[in-house]
Amino acid sequence: MRKPLTIRILSSLDTKSWIALGIFLALALVVVPVLHLNFPEDSAFHISTYAITLIGKIMCYALVAVAMDLIWGYGGILSLGHGLFFALGGYAFGMYLMRQIGRDGSYQSDLPDFMVFLDWKELPWFWVGSDSFGWVAFLALALPAVVAFVFGYFAFRSRIKGVYFSIITQALTYAAMLLFFRNETGFGGNNGFTDFKRILGYPITSSETRLVLFGLTAVMLAVTLVFAAWLVKSKFGRVLTAIRDAESRVMFIGYNPLWYKLTIWVISAVICGIAGALYVPQVGIINPSEMSPGNSIEIAIWVAVGGRGTLIGPIIGAFVVNLAKSWFTVSFPEYWLFFLGLLFIIVTLMLPQGLVGLWKKLMDKKGASA
Amino acid sequence: MSMVESFLDDRPEGSDGSDQMGHFVTGELDLSHGVALYLEDITVSFDGFKALNNLNLEINAGELRCIIGPNGAGKTTMMDVITGKTRPDSGKAFFGQSIDLTRLTEPEIAHVGIGRKFQKPTIFEQHTVFENLELAMKTDKRVWKSLMAWLAGDERDKIAETLRLIRLDGEADRQAGLLSHGQKQWLEIGMLLMQEPKLLLLDEPVAGMTDDETMRTAELFVSLAGKHSLVVVEHDMAFVEKLGGLVTVLHEGSVLAEGDLATVQNDQRVIEVYLGR
């Protein structure tokens with residue numbers, strides 16, 4: 001008797017993980033809003049707007065980290081261009097936010113300010129429909145998917161692997177960054193999109209809007225985690241790790257690695273697109289620097305720090321590294337990159353399994369001595 | 001058929017497995033003329049060096065053939081050509097009467113019924129023994145099917161049966177990387193059997209095995225012959241002798257001699273090739 005899909009999805013996480021997930025959602029959807037809205041700003045229980053924005057932003061990064069873990073930890077394919085898919089999702093959704101500004105921009109025009117500045121008289125063709133929430137939500141998924149599919153198809157078909165693949169993805173995001181820096185590309189040049197006013201007609205900086213976006217991001221993170229857990233526990237996941245470990249054996253038993261790699265690659269890109277779309281309204285800006293090679297490398301560092309091939313590890317890694325970053329960039333801004341480099345070296349040399357691996361080792365030791 | 005169509009194609013698997021990938025068209029496996037594998041004038045050169053030089057080889061259906069030859073004779077390259085890893089510069093390679101191997105990719109060749117064991121045991125070390133066999137099992141191997149796959153009872157039975165045959169039934173849940181070298185060899189043979197191939201290519205299958213394991217492997221192969229065709233590359237002459245069957249000697253990319261073991265061992269040219277080194 002074959003089990004129905006819902007049961008299989010339920011069994012992809014153990015009871016403890018489901019409870020942890022429930023607690024996480026209760027915190028994000030109930031506790032945080034209550035503490036933010038019901039306590040005055042000077043109360044010890046108050047959660048500030050700054051904290052909500054910061055955690056919301058990091059949850060978006062955590063989504064990207066899960067996407068990276070799928071392709072790198074399970075597929076063995078290191079992408080150094082995942083910032084591109086994140087930015088594409090962000091830009092797609094940013095178009096909508098720019099249109100929602102309406103005539104409240106500095107030039108009081110129907111066109112976004114940067115177009116008025118360029119003396120454009122009408123919207124370019126690729127902005128058509130950008131005032132529709134549904135259309136841009138679709139674009140935020142479809143654009144990363146299409147770019148990933150086309151690039152991945154040719155790269156995987158040519159059997160480009162390892163460091164060569166990583167370098168090409170790095171070049172891809174860099175090229176895209178240069179393209180988006182140009183004013184003529186039609187996405188605001190180096191300033192990108194900012195000064196958003198509304199989302200679906202609601203003021204974007206109001207507490208309620210922020211809390212809704214925060215909650216949505218938390219739900220998305222939870223859903224993605226469950227989906228990813230189901231994916232890697234399915235036979236598909238086993239084939240994927242088999243390709244990582246012995247690709248030629250996989251081919252000679254009759255699987256075509258191309259489609260497996262391409263599937264996980266596109267899924268990974270789409271998750272990044274979702275993350276980007278959730279990121280932009282919370283942070284309030286998207287510009288080409290999101291596509292800079294450094295950003296994409298940082299994604300890999302989150303995953304390495306948390307622990308590759310563990311799904312939960314990369315989420316932990318994204319939180320640890322980014323909380324450290326927001327503390328460092330305030331206290332010792334000039335040392336942040338040194339610290340990041342040091343962290344990467346330490347993790348690579350001493351903690352090949354990341355923080356999750358360290359935790360497991362400690363638990364084993366405790367279990368052995370008890 | 002377009003890329004996307006083949007990606008989503010959900011046709012049930014064909015009787016001979018040839019349309020499982022959904023995106024290639026090839027003849028059905030036809031063994032009616034008694035020939036399982038037919039290589040004619042195969043030449044492969046790497047930077048001017050001819051790894052295979054007008055190689056001709058014919059394997060009958062159900063035959064067990066041993067291939068011997070000194071290092072660099074082209075044994076592994078020959079297997080690469082048969083399994084689609086290397087394309088010959090010239091020559092013909094047919095599986096049965098109608099399947100042109102030079103036009104198919106590695107996974108497609110696996111689907112039409114050729115299984116290959118590598119010289120170095122190549123298994124999925126991070127997976128359990130059970131999962132190794134599960135992944136190899138003959139079934140629809142497209143992405144969508146793998147996403148939705150769930151082992152049925154008869155599939156579990158099939159895996160259990162193979163586990164017994166390769167004497168790993170006590171190790172089903174063990175991580176494959178922790179097996180001994182000989183056990184890994186057996187696991188890889190088991191994976192081959194799960195594919196239900198018509199032709200098995202076995203590159204030094206008993207390297208690293210104990211004498212006892214070697215003899216058991218020979219018995220297994222002899223029992224497989226008849227229903228399957230087997231091509232065994234081996235250096236261990238005791239093993240070759242135990243297998244019986246015809247022996248083909250390769251040297252510098254072509255066939256030097258062919259016959260039963262005693263005949264080729266007494267062949268003057270064969271002795272020269274082996275002792276001249």
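Two strands pair if DSSP finds at least two bridges between them. Helices (H or I, at least four residues) and strands (E, at least two) are themselves DSSP runs, numbered from the N terminus.

## Basis of the model

This is a predicted model, in which local features need pLDDT of at least 70 and side-chain atom pairs count only at pLDDT 80 or more, while totals for chains, interfaces and linings use all residues. Residues are numbered from 1 along each chain as its sequence is written, and chains are lettered from A and ligands numbered from 1 in the order in which they are written.

## Strand 3 of chain B and its partners

Strand 3 of chain B, residues 64-68, pairs in the parallel sense with strand 8 (residues 229-233) of chain B over four bridges. Within this pairing, B:Ile67 stands opposite B:Val233. Strand 3 of chain B also pairs in the parallel sense with strand 9 (residues 247-251) of chain B, over three bridges. There the bridge partner of B:Ile67 is B:Thr248.

Five of the five residues of strand 3 of chain B are buried (a residue is buried if 20 or more other C-beta atoms, placed from the backbone, lie within 10 Å of its own, exposed if 12 or fewer, and partly exposed in between). B:Leu64, B:Cys66 and B:Ile68 point one way from the strand, and B:Arg65 and B:Ile67 point the other way.

## An antiparallel sheet in chain B

Chain B also contains an open sheet of four strands in the order 2-1-4-5, with antiparallel pairing. Its edge strands are strand 2 (49-60) and strand 5 (99-100), each of which pairs on one side only. Strand 4 (residues 90-95) of chain B is joined to strand 5 of chain B by two bridges, and B:Phe94 stands opposite B:Asp100.

## Helix 4 of chain B

Seven of the eight residues of helix 4 (residues 129-136) of chain B are buried, so this helix is largely enclosed by the rest of the structure. The buried residues pack against helix 9 (235-252) of chain A and against helix 6 (153-165) and helix 7 (181-194) of chain B; two residues are in contact if their C-beta atoms, placed from the backbone, lie within 7 Å.

Helix 4 and helix 6 of chain B pack at an angle of about 120 degrees, with their axes 10 Å apart. Axes are lines fitted to C-alpha atoms, for helices over the stretch in contact, and angles run from 0 to 180 degrees between N-to-C directions. The two helices of chain B are therefore oblique to each other (angles under 35 degrees count as roughly parallel, over 145 as roughly antiparallel, 65 to 115 as roughly perpendicular and the rest as oblique). B:Phe130, B:Leu133 and B:Glu134 in helix 4 of chain B meet B:Ile159, B:Thr162 and B:Leu163 in helix 6 of chain B.

## A helix pair in chain A

In chain A, the axes of helix 6 (residues 133-157) and helix 10 (residues 257-283) come within 8 Å and cross at roughly 150 degrees. Helix 6 and helix 10 of chain A are therefore roughly antiparallel to each other. Among the residues of helix 6 of chain A in this contact are A:Ala140, A:Phe149 and A:Tyr153, and helix 10 of chain A contributes residues including A:Leu258, A:Trp265 and A:Gly273.

## Where the chains meet

The contact takes 27 residues from chain B and 22 residues from chain A. Helix 3 of chain B gives the most to the side of chain B that touches chain A, with four residues.
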